[in-house]
Amino acid sequence: MTTAPYAELARVTRNGVVESRHFGSVVVLDPSGAVALRAGVPDEPVLPRSTLKPVQALACLAAVEAAGDASPLAGVLAGPALAIAAGSHTGDDRHVAVVRDLLAAAGLTEEALGCPADWPEDEATRERLIRDGEQRSRIRMNCSGKHAAMLVAAVARGWSTDDYLAPGHPLQREIAAAVERLAGVPVSAVAVDGCGAPLFGLPLTGLARTFQALATAAPGSHEARVGEAMRTHPEYVGGWHGHPNTDLMRALPGILAKGGAEGVLGVATPDGYAVAVKAIDGSPRATTVIALAALAEAGADVHGAPELRRVPVLGGGEPVGAVTAAIDRSSPDAATTS
């Protein structure tokens, strides 16, 4: 694969030697919605993967509320439950408890989940389950919160649950409409995500616009409520230990962050700066570093997270280098922006 259209966004240095480079695209919008910084090909459609979960969560919330206050499921998608619907959890027991509560509220069991069985991403939990003779399960899969919210929405509206992942299902049509409304562009492609849910393609500019809309939405709106749940309960968006989205929202209160597989990340600040990143090699290891550097270059205040501006490179268990952003005009070998 040629990297010609893409910009160098990050480099990996070991003992002063550049060992690897990450290429891709990035775009930053300023609070007015204008493009403040771009590199690579941010108008090229990408598959955002789990970066779109906040939009899927707000469509589920809207569907539940459309059923009315008299619905037994009214108010179920709130707090940690709404955050986990918008998140990619690590399978901690606390995550599983919230997912089980969602399913129980809808009168369903784990068997209704359409996501594949998996081990939890949380290492300590995974090791404990293996020691105890447990097997992979759907509820431990990182997307089970989103799937449980989709099932809650389907039950609330009287829609079928056995085919809730079909692109033509009413809920999936509602999600596609929400994606297009927030992104301001039509969906470029419909694929199948790793969890089995429909996946909607967008250009990075549309993804950045989506996060800006979530971060600056009017109080009380579905968008604002999803964003508030994520900020208030970041551990349910990711995990309690070393999850980059959680760590970023903890370090910079008010910021909204959600990453996805294959090197995609969306971040927005409370004052309306928004960035979307795609690493063309699919690696997520540098996306937070890139996003923070791009936001800073565009004028956003992200100084409160210096520890997230570089990822240590280890040699013999000790730091010998770092993954750092190349897109930094203060650096003599900065990536080109236009």
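This is a short tour of one predicted model, stop by stop.

**Before you start**

Residues are numbered from 1 along each chain as its sequence is written, and side-chain values use heavy atoms, with hydrogens and water left out. Because the model is predicted, local features need pLDDT of at least 70 and side-chain atom pairs count only at pLDDT 80 or more, while totals for chains, interfaces and linings use all residues.

**Colour by confidence**

Colour the protein by pLDDT (the predictor's confidence in each residue, from 0 to 100). The average is 95, and 96% of the residues score at least 70. Now select residues 330–338. Here pLDDT stays under 50. The model has 17 contacts for this stretch beyond four places in sequence; contact means heavy atoms within 4.5 Å. Where pLDDT is low, the predicted coordinates should not be read in detail.

Helices (H or I, at least four residues) and strands (E, at least two) are DSSP runs, numbered from the N terminus. Select strand E2 (residues 17–29) and strand E3 (residues 35–39). They pair in the antiparallel sense over four bridges; pairing requires that DSSP finds at least two bridges between two strands. Find Leu29, which stands opposite Val35 in E3. Five residues lie between the strands of this hairpin. In the turn, Gly33 has a positive phi of about 95 degrees.

**Helix H3**

Select residues 93–105, the 13 residues of H3. Start at Asp92, which caps the N-terminal end: a side-chain oxygen lies 2.7 Å from the backbone nitrogen of Arg94. Next, show His95, Val96, Val98, Val99, Leu102 and Leu103. These are buried (under 20% relative accessible area, with exposed over 50% and partly exposed in between; 1.4 Å probe, protein chains only). They cover an arc of only 160 degrees around the axis, so they sit on the same side of H3. The arc is that of the directions from the helix axis to the C-beta atoms. Their packing partners are helix H2 (80–85), helix H5 (144–157) and helix H9 (234–237). Turn to the face away from the buried side: exposed Asp101 and Ala104 are there. Just past the helix, Gly107 takes a positive phi of about 75 degrees.

**Helix H6**

Move to residues 170–183. Which residues of H6 are buried? They are Leu171, Gln172, Ile175, Ala176, Ala178, Val179, Leu182 and Ala183. Their arc around the axis is only 160 degrees, which puts them on the same side of H6. They pack against several elements, including helix H1 (53–66), helix H7 (204–215) and helix H8 (222–232).

Definitions and conventions:
The expected span of a helix is 1.5 Å times one less than its number of residues. A polar contact is a pair of N or O atoms within 3.5 Å; within protein, one must be able to donate a hydrogen and the other to accept it, and residues adjacent in sequence count only if both atoms are side-chain atoms.
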